[in-house]
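Okay everyone, thanks for coming. Let's take a look at this one together.

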Amino acid sequence: RLPMSLVQSVDSIVHHAGSSLQQEVQVWQMDQDEPIPVSKYAADLPFVDNGVQISPDPTTWKCQKRADTDNVWLNLSDGYMGGGRQNWDGSGGSNGALDHYEATGKL
């Protein structure tokens, strides 16, 4: 059996939150008193309530046009996921995000 003073010392070291972490928490708590500014880009962002739910698991995200899983873009207005831009030689993405943007009237 270990002496109680040793057990208490080890516990205090294991459960110690460093001073930098304590300062970060304190700064975060102070920031909560200030209003959070709204981005000028988000202020007028249209929103389509179409029931689309985005999975929190990024491994399930894929282009809705070609099912690509690389370089997927999310339309914040309607939840559409499309592939990135296609290069001039046909390589790259499916162009799904841009095609959706143009097809929906710039939504």
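Let me start with Asp99: at 29% relative accessibility, this residue counts as partly exposed, where buried means under 20% relative accessible area, exposed means over 50%, and partly exposed sits in between, with a 1.4 Å probe and protein chains only.

Quick housekeeping. This is a predicted model, so local features need pLDDT of at least 70 and side-chain atom pairs count only at pLDDT 80 or more, while totals for chains, interfaces and linings use all residues. Residues are numbered from 1 along each chain as its sequence is written, and side-chain values use heavy atoms, with hydrogens and water left out.

So which side chain does Asp99 meet in a salt bridge? That's Lys65, at 2.4 Å, N to O. By salt bridge I mean a side-chain nitrogen of Lys or Arg within 4 Å of a carboxyl oxygen of Asp or Glu. Asp99 lies in helix α3 (residues 96-103) and Lys65 in the loop between α2 (19-31) and β1 (72-74), so the pair ties together parts that are 34 residues apart in sequence. Lys65 is partly exposed too, at 44%.

The structure has two salt bridges. In the other entry on my list, Asp68 pairs with Arg66 at 3.2 Å, N to O, and Arg66 is partly exposed at 45%.

Zooming out, the chain has three helices and two strands, in the order α-α-β-β-α. Those are DSSP runs numbered from the N terminus: helices are H or I with at least four residues, strands E with at least two. Finally, 15% of the 107 residues count as buried.
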